Amino acid sequence: MSIYAVKPGWWNTPVHREEKIWIGVALVWCIAITLIMPVWHVVGDQNSSQEYYRISGDNYAALTDAFIEQYKVGEVQGIAVVAPPPGSDIFLRGAQWQWDPILKLTQGATYRLHLGSVDMVHAISIFPININFEVVPGYDYVLTITPTSAGEFRVICNEFCGIGHHGMIGKLIVDPA
Ligand SMILES: [Cu+2]
């Protein structure tokens, strides 16, 4: 008998059959949820429209300003409220640290929503519904949207963008059809 004889313990007992089954289940589940991601990218009904353009922050700001000027109907705490007609191109701008303008949309109408950032990476979350989209500066992302429920929604930034990030909360209004 060797002087290095190993004492029995949890580290050298064979893996129990039930534990092997659990490891197998966990492995299969890992593979399944990894595969779901690319599959969902094709069959999911909330995917982005894959339409985007390169644009400078200044040019995106100019487009947003022109849009606001065209359809402005009011102002809340210094932020323009804009009521564009159904079917139109609408613009939402992320900047440190606000989303503007406040969009006033109509339930059931379809819009081409442009999303852009004029300074750094932001990400948009429409609360309380589960919609998230990353907005990288230098791009104009176009999402075709049709609001299905009426009400007031919070527009939250979910990508840390500096000291005022937590206060970067905008508003989206959907009027009933
Ligand atoms: Cu942020």
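This note walks through the fold of one predicted model.

1. Ground rules. Residues are counted from 1 along each chain as its sequence is written. Because the model is predicted, local features need pLDDT of at least 70 and side-chain atom pairs count only at pLDDT 80 or more, while totals for chains, interfaces and linings use all residues.

2. Inventory. The protein has two helices and twelve strands. These are DSSP runs numbered from the N terminus: helices are H or I, at least four residues, and strands are E, at least two. Along the sequence the pattern reads α-β-α-β-β-β-β-β-β-β-β-β-β-β.

3. The sheet. Seven strands form an open sheet with mixed pairing, in the order β2-β3-β6-β12-β11-β8-β9. Two strands pair if DSSP finds at least two bridges between them. β2 (72-76) and β9 (131-135) are the edges; each has a single partner strand, so one side of each lacks a neighbour in the sheet. From one strand to the next, the twist averages 25 degrees.

4. One pairing. β8 (residues 122-127) and β11 (residues 151-157) run antiparallel over four bridges. Ser125 sits opposite Ile156 in β11.

5. Helix on sheet. α2 (residues 57-71) packs on the sheet and touches β2 and β3 (79-82). Contact means C-beta atoms, placed from the backbone, within 7 Å. The direction of α2 makes about 60 degrees with that of β3. Axes are lines fitted to C-alpha atoms, for helices over the stretch in contact, and angles run from 0 to 180 degrees between N-to-C directions.

6. Overall extent. The C-alpha trace spans about 90 × 35 × 30 Å along its principal axes.

How values were computed. Contact = placed C-beta atoms within 7 Å.
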